[in-house]
Amino acid sequence: MEYSFSIGWLFGGLAIALVGGLIVIFYKQIADNLANGVSSYDHVKLFGIITIVIGLLCTANLHTFILGWLVNLMFHR
């Protein structure tokens with residue numbers, strides 16, 4: 001599998017991580033307005049943290065490696 005770095009994915013991943021960071025910072029307002037309020041505070045924070053991790057994977061261009069590994073694992077290529 002060939003690995004190549006992409007500047008586009010660098011900026012895209014940083015944007016995704018920034019959105020995740022904003023979700024973690026403003027989780028109370030997001031949960032109160034878009035979800036079930038206090039009962040979903042932890043769910044909104046978890047979603048923000050997962051978004052940050054996905055953004056960092058995209059920034060380092062590791063998302064293609066992980067997706068390729070999963071496809072090879074499922075289809076035994």
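A crossing of two helices is called left-handed if the near helix is turned anticlockwise from the far one by less than a right angle. With that in hand, let's look at this predicted model, where the crossing of H1 and H3 is left-handed.

Helix H1 spans residues 7-25 and helix H3 spans residues 41-59; the two pack at an angle of about 165 degrees, and their axes lie 7 Å apart. Because angles over 145 degrees count as roughly antiparallel, H1 is roughly antiparallel to H3.

Which residues make the contact between H1 and H3? The table gives them helix by helix.

| Helix | Residues in the contact |
|---|---|
| H1 | Trp-9, Leu-10, Gly-13, Leu-14, Ile-16, Ala-17, Gly-20, Gly-21, Ile-23, Val-24 |
| H3 | Val-44, Lys-45, Phe-47, Gly-48, Ile-49, Thr-51, Ile-52, Gly-55, Cys-58, Thr-59 |

By type, the contact of H1 with H3 holds 12 nonpolar residues, seven polar ones and one charged.

Next comes the core. The largest nonpolar core is made of five residues, namely Ile-23, Tyr-27, Ala-31, Tyr-41 and Val-44. At least two residues of this core come from helix H2 (27-34), and at least two from H3.

Finally, a word on Asn-61, which sits in the loop between H3 and helix H4 (63-75). Although Asn-61 is not a glycine, its phi is positive, at about 65 degrees. Is Asn-61 buried or exposed? Its relative accessibility is 3%, so Asn-61 counts as buried.

How values were computed: Residues are numbered from 1 along each chain as its sequence is written. This is a predicted model: local features need pLDDT of at least 70, side-chain atom pairs count only at pLDDT 80 or more; totals for chains, interfaces and linings use all residues. Side-chain values use heavy atoms; hydrogens and water are left out. Axes are lines fitted to C-alpha atoms, for helices over the stretch in contact, and angles run from 0 to 180 degrees between N-to-C directions. Helices (H or I, at least four residues) and strands (E, at least two) are DSSP runs, numbered from the N terminus. Angles under 35 degrees count as roughly parallel, over 145 as roughly antiparallel, 65 to 115 as roughly perpendicular and the rest as oblique. Contact means heavy atoms within 4.5 Å. Ala, Val, Leu, Ile, Met, Phe, Trp, Tyr, Cys and Pro count as nonpolar, Asp, Glu, Lys and Arg as charged, and the others, Gly among them, as polar. A nonpolar core is a set of buried Ala, Val, Leu, Ile, Met, Phe, Trp, Tyr and Cys residues joined through side-chain atoms within 4.5 Å. Buried means under 20% relative accessible area, exposed over 50%, partly exposed in between (1.4 Å probe, protein chains only).
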